[in-house]
Amino acid sequence: MPDAVVIGAGPNGLVAANLLVDAGWSVEVLEAQTEPGGAVRSDRGVHPDYVSDLFSAFYPLAAASPVLARLDLAAEGLRWSHAPRVLAHPLGDGRCAVLERRAEDTAAGLAELAEADGDAWREMYATWSRVGPDLVRSLFTPFPPVRAGLRLAAKLRGAGGLRLARSLVLPVRRLGEEEFRGEGGRLLLAGNALHADLAPETTGGGGFGWLMSMLGQSHGFPAPVGGSGALTAALVSRLRRRGGGLRCGERVVSVVVRGGRAVGVRTAGGETVSARRAVLADTSAPILYRDLVGEEHLPARLLRDLARFQWDFSTFKVDRALTSPVPWTAPQAAGAGTVHVADGMDVLTRFAAQIARGQVPDEPFALFGQMTTADPGRSPAGTESAWAYTHLPQQITSDAGPDAITGRWDTREQEAMADRVEAQVERFAPGFRSRILARRILAPTTLQAMDENLHNGAINNGTAALHQQAVFRPTPGTGRPETPVKGLYLASAAAHPGGGVHGAPGANAARAALRPHGLHTVLHRAQRL
């Protein structure tokens, strides 16, 4: 009997398992899919000569994560690669905002778009340099972050703490207007906020856009050499080398609860896998509580709160093998690993407003990845392994475009949406479509089938909006990984601090399991208030 069973071999589950093994526990990880990794996998499914990332691709949060740094995955062979430029946001008139590898270069480029914006970027990055490391440590430690929070508070006093806090809760449109004269800096912030489900007018979007932009400036948007699967392979290698177990193709269908305590799990094959000390779940909160645990073991208030749980936007993704690099009209975009495709702030607002109304956007904002630009071994010389994704409503009520897309995602709807995204790219890169050798469409339903945590294509395991962060994540409580069932811990991005590949939810759950007494009683009571 292992000390712990971990449900799910995504990055958070694998981080949790590694930390438990480091503490001397025996651990068994059970993964429903036929391979580990969750949303961190790569393959050659688009074309045999091209490596494509199935889900996530660039990892600024991983690069900054103290959790992953402590695992020393370089010892398992993990290496990182960077594109010449971090990110580009071209406009229809040929101008282009660029997040460069060096802050001075970013500032110089923004100054070409609006003279004062170079100094504005330097000042913004100087603030990040003072508080960023402690802010990251505060985000990636168990809530409340007492020690890291005290260090951060001391730094904030010298960085205009209240004014910075105000800036971080602003909508990203307002933050951009306050900080920058021209469109360049504003678009870098707003495009990064829309990596999550934060519209330009959403409270707190400024903080997320600032965080992602500053991480990009300080750490870049690195990609694992050889594909995102290399990150998973390193986590699995470390786990197995230290004695941990991993079984794939083992779907867990229930958590075994006796006397209010999790004592193991049952699999779809009928096996009961007992756990001596703890069960950790790298699953969505609705799946854990409604499907695996069952309402009879949970307080009524938690169930009522769970009915208010909000998913983040749905996602539609297309992977492509290109015969040559993308012919961007703005030459600066050619060297960027990530390209944001939208012709200005108002276009982003219109896009997000259509999603809010349940409409499929007629001019989708596309996040475009140039993986061979970032990691030259992904495809033959002179070609490009690329992807693009866009956001959609979780519940589609109508199509703002001409294709009558309903969300059934049959072949016709998938092809129509893929063509719509490609038409957007074509506006900024005439001739793009003629370079597509092969493509693979990953509709929201496809993404969920490949990773059950990606509910209808939601990639953040719940909205990134303020009302479902910290003590409100996944439901109002303490922001901790403990659950009302003793010995059961939520170890996924549904828990604080949320989405992104950084390992913090898994690490927090592992630490809670290793120190099971203390906050569990507080949490149990809080969920009944």
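At 45% relative accessibility, Asp72 counts as partly exposed, a class that lies between buried (under 20% relative accessible area) and exposed (over 50%), computed with a 1.4 Å probe on protein chains only. The model is predicted, so local features need pLDDT of at least 70 and side-chain atom pairs count only at pLDDT 80 or more, whereas totals for chains, interfaces and linings use all residues. Residues are numbered from 1 along each chain as its sequence is written, and side-chain values use heavy atoms, with hydrogens and water left out.

Asp72 is placed in the loop between helix H3 (66–71) and strand S5 (80–81); helices (H or I, at least four residues) and strands (E, at least two) are DSSP runs numbered from the N terminus. The phi angle of Asp72 is near 50°, a positive value in a residue other than glycine. Ala470, also not a glycine, has a positive phi near 55°. Ala470 lies in the loop between H17 and S21 and is partly exposed, with a relative accessible area of 24%.

Cis peptide bonds were found at two prolines, described here in turn. The bond from Arg473 to Pro474 is cis, with omega near -5°, and Pro474 is in the loop between helix H17 (444–450) and strand S21 (488–490). The bond from His496 to Pro497 is cis as well, with omega near 5°. Pro497 lies in the loop between S21 and helix H18 (504–514).

An open sheet of 7 strands has the order S7-S6-S15-S17-S18-S14-S20, and its pairing is mixed. Two strands are taken to pair if DSSP finds at least two bridges between them. Strands S7 (96–100) and S20 (436–442) stand at the edges with a single partner strand each, so one side of each has no neighbour in the sheet. From one strand to the next, the twist averages 20°. Strands of a sheet pair through backbone hydrogen bonds, in either the parallel or the antiparallel sense.

Strand S6 (residues 85–90) pairs with S7 in the antiparallel sense over 5 bridges, and Arg85 stands opposite Glu100 in S7. S6 and S15 run parallel and are joined by 3 bridges; here the bridge partner of Ala88 is Val339 in S15. S15 and strand S17 (residues 366–370) run antiparallel and are joined by 4 bridges. Val339 stands opposite Phe368 in S17. Of the 6 residues of strand S15 (residues 336–341), 6 are buried, so S15 is largely enclosed by the rest of the structure.

Two helix pairs were examined. Two packed helices are described by the angle between their axes and the distance between the axes. Axes are lines fitted to C-alpha atoms, for helices over the stretch in contact, and angles run from 0 to 180 degrees between N-to-C directions. The axes of helix H7 (residues 161–169) and helix H10 (residues 205–219) come within 4 Å and cross at roughly 100°. H7 is therefore roughly perpendicular to H10, where angles under 35 degrees count as roughly parallel, over 145 as roughly antiparallel, 65 to 115 as roughly perpendicular and the rest as oblique. Leu164, Ser167 and Leu168 of H7 and Gly206, Gly207 and Trp210 of H10 make the contact, with contact meaning heavy atoms within 4.5 Å. By class, the contact of H7 with H10 has 3 nonpolar, 3 polar and no charged residues; Ala, Val, Leu, Ile, Met, Phe, Trp, Tyr, Cys and Pro count as nonpolar, Asp, Glu, Lys and Arg as charged, and the others, Gly among them, as polar.

For helix H4 (residues 103–113) and helix H5 (residues 117–139), the axes come within 7 Å and cross at roughly 150°. H4 and H5 are therefore roughly antiparallel to each other. Ala103, Glu104, Thr106, Ala107, Leu110 and Ala111 in H4 meet Asp117, Gly118, Trp121, Arg122 and Tyr125 in H5. The residues of this contact of H4 with H5 divide into 6 nonpolar, 2 polar and 3 charged.

Two buried strand residues were also described. Ser52, in strand S4 (residues 50–53), is buried, with a relative accessible area of 3%. Not counting residues up to four places away in sequence, Ser52 touches Arg41, Ser42, Asp43, Val46, Asp319, Ser385 and Arg440. Val252, in strand S10 (residues 252–258), is buried at a relative accessible area of 10%.
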